[in-house]
Amino acid sequence: MSLRDFLERFRPTGTPGAAAVGVPADRAAERAAELEPALARLTDVQREATRIRAAADEAAEVLRRDAALRAERVVADARERAPEVRRLAAAPVLEDGRHEADAVRAAGDRRAEAVRARARERMPELVDRTVTDALRRATGAGGTP
């Protein structure tokens, strides 16, 4: 009991003047009587809040499970589609590579044709020089056998 409650007992209960016989007021009991209904309702509200939290926890768990299943389906679908997506992504690069290979091949063909043309131009002279050199060696006319 607080000092205030103790001193409150000695406070007069009536109006000043003639002494009135009475019982000192019990303020603690009055407060308890006043607060009990509100506290009882608060207890009910706390129970309701606990029930609501439990329901929310269950709903959240269901949502988490559903989200996990959806995520698994999305990942599985992505893995299934990945080869096709890779193929589609690589197609332009492969096409560029084919064009580049065709250009290199065409350049090589042009160079090879230039070498063949030069060989056709030089061949008669080289054959003549080779035959002349061979005959000279065979006849011993100017060379050592």
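The bend at a residue is the angle between two axes, one fitted to the seven residues ending there and the other to the seven starting there. These close-ups come from a predicted model, in which local features need pLDDT of at least 70 and side-chain atom pairs count only at pLDDT 80 or more, while totals for chains, interfaces and linings use all residues. Residues are numbered from 1 along each chain as its sequence is written, and side-chain values use heavy atoms, with hydrogens and water left out.

**View 1. Helix α2 bends at Ala-82.** Helices here are DSSP runs (H or I, at least four residues), numbered from the N terminus. Helix α2 covers residues 27-139, and its bend at Ala-82 is about 45°. Look for Pro-83 here too: this proline follows the bend within four residues. Just after α2 comes Gly-140, with a positive phi of about 75°.

**View 2. A nonpolar patch lies on the surface.** Patches are made of residues with over 30% relative accessible area and no salt bridge; nonpolar side chains (Val, Leu, Ile, Met, Phe, Trp, Tyr) are joined within 5 Å, and like charges within 9 Å. Phe-6 sits in helix α1, residues 3-8. Phe-6 has a relative accessible area of 39%, so this residue is partly exposed (buried is under 20%, exposed over 50%, partly exposed in between, with a 1.4 Å probe and protein chains only).

**View 3. Glu-61, Arg-64 and Arg-65 are linked in a salt-bridge network.** A salt bridge is a side-chain nitrogen of Lys or Arg within 4 Å of a carboxyl oxygen of Asp or Glu; by this rule the count comes to 12. Between Arg-64 and Glu-61, the closest N and O atoms are 3.2 Å apart. These two residues are 3 apart in helix α2, so about one helical turn separates them. Glu-61 is partly exposed, at 31% relative accessibility.

**View 4. Glu-95 forms a salt bridge with Arg-98.** Here the closest N and O atoms are 3.4 Å apart. Glu-95 and Arg-98 lie about one helical turn from each other because they are 3 residues apart in helix α2. Glu-95 is partly exposed at 35% relative accessibility, and Arg-98 is partly exposed at 47%.

**View 5. Asp-102 and Arg-105 meet in a salt bridge.** The N to O distance is 2.8 Å. Asp-102 counts as partly exposed at 42%, and Arg-105 is partly exposed at 48%.

Key: Accessible areas come from the Shrake-Rupley method with a 1.4 Å probe; for residues, only the protein chains shown count as cover.
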